[in-house]
Amino acid sequence: GDGRMGNMDAVYTEGPQAGQTCLGIYQLNGDTLTWCVSNRNGQRPQAFTGGGGNWLMVLQRVAMQ
């Protein structure tokens, strides 16, 4: 797509994984954010695919009421 792409990571703040960083990638097209993050092995995903330790999320901005 024509949107912005880059890296966006997550860090566990609580629980047994507290402090663990999950590496991710994102693409932002208009009001749609696609984010793929790995919760295993410290590897950054190479594609926007779920499974095998990758979480794939597609988030859509909605108008505030």
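Does Asp9 count as buried, exposed or partly exposed, and what is its relative accessibility? At 36% relative accessibility, Asp9 falls into the partly exposed class, where buried means under 20% relative accessible area, exposed means over 50%, and partly exposed lies in between (1.4 Å probe, protein chains only). The structure is a predicted model, in which local features need pLDDT of at least 70 and side-chain atom pairs count only at pLDDT 80 or more, while totals for chains, interfaces and linings use all residues. Residues are numbered from 1 along each chain as its sequence is written, and side-chain values use heavy atoms, with hydrogens and water left out.

The overall build comes next. The C-alpha atoms fill a box of roughly 35 × 30 × 20 Å along the principal axes. Of the 65 residues, 23% count as buried.

Inside the protein, the largest nonpolar core is made of five residues: Cys22, Tyr26, Leu28, Trp35 and Val37. Such a core is a set of buried Ala, Val, Leu, Ile, Met, Phe, Trp, Tyr and Cys residues joined through side-chain atoms within 4.5 Å. At least two residues of this core come from each of strand E4 (24-29) and strand E5 (32-38). Cys22, one of the core residues, is in contact (heavy atoms within 4.5 Å) with Asp9, Ala10, Tyr12, Val37, Ser38 and Asn39, leaving aside neighbours within four places in sequence.

Asp9 also takes part in a salt bridge, defined as a side-chain nitrogen of Lys or Arg within 4 Å of a carboxyl oxygen of Asp or Glu. A search of the whole structure finds two of these. In one, the side chains of Asp9 and Arg44 meet at 2.7 Å, N to O. Asp9 lies in the loop between strand E1 (4-7) and strand E2 (10-11), and Arg44 in the loop between E5 and strand E6 (54-60), so the pair ties together parts that are 35 residues apart in sequence. Arg44 is partly exposed too, with a relative accessible area of 25%.

Asp31 and Arg61 form a salt bridge as well, at 3.0 Å, N to O. This pair links distant parts of the chain, with Asp31 in the loop between E4 and E5 and Arg61 in the segment after E6, 30 residues apart. Asp31 is partly exposed at 40%, whereas Arg61 is exposed at 57%.

Conventions:
Helices (H or I, at least four residues) and strands (E, at least two) are DSSP runs, numbered from the N terminus.
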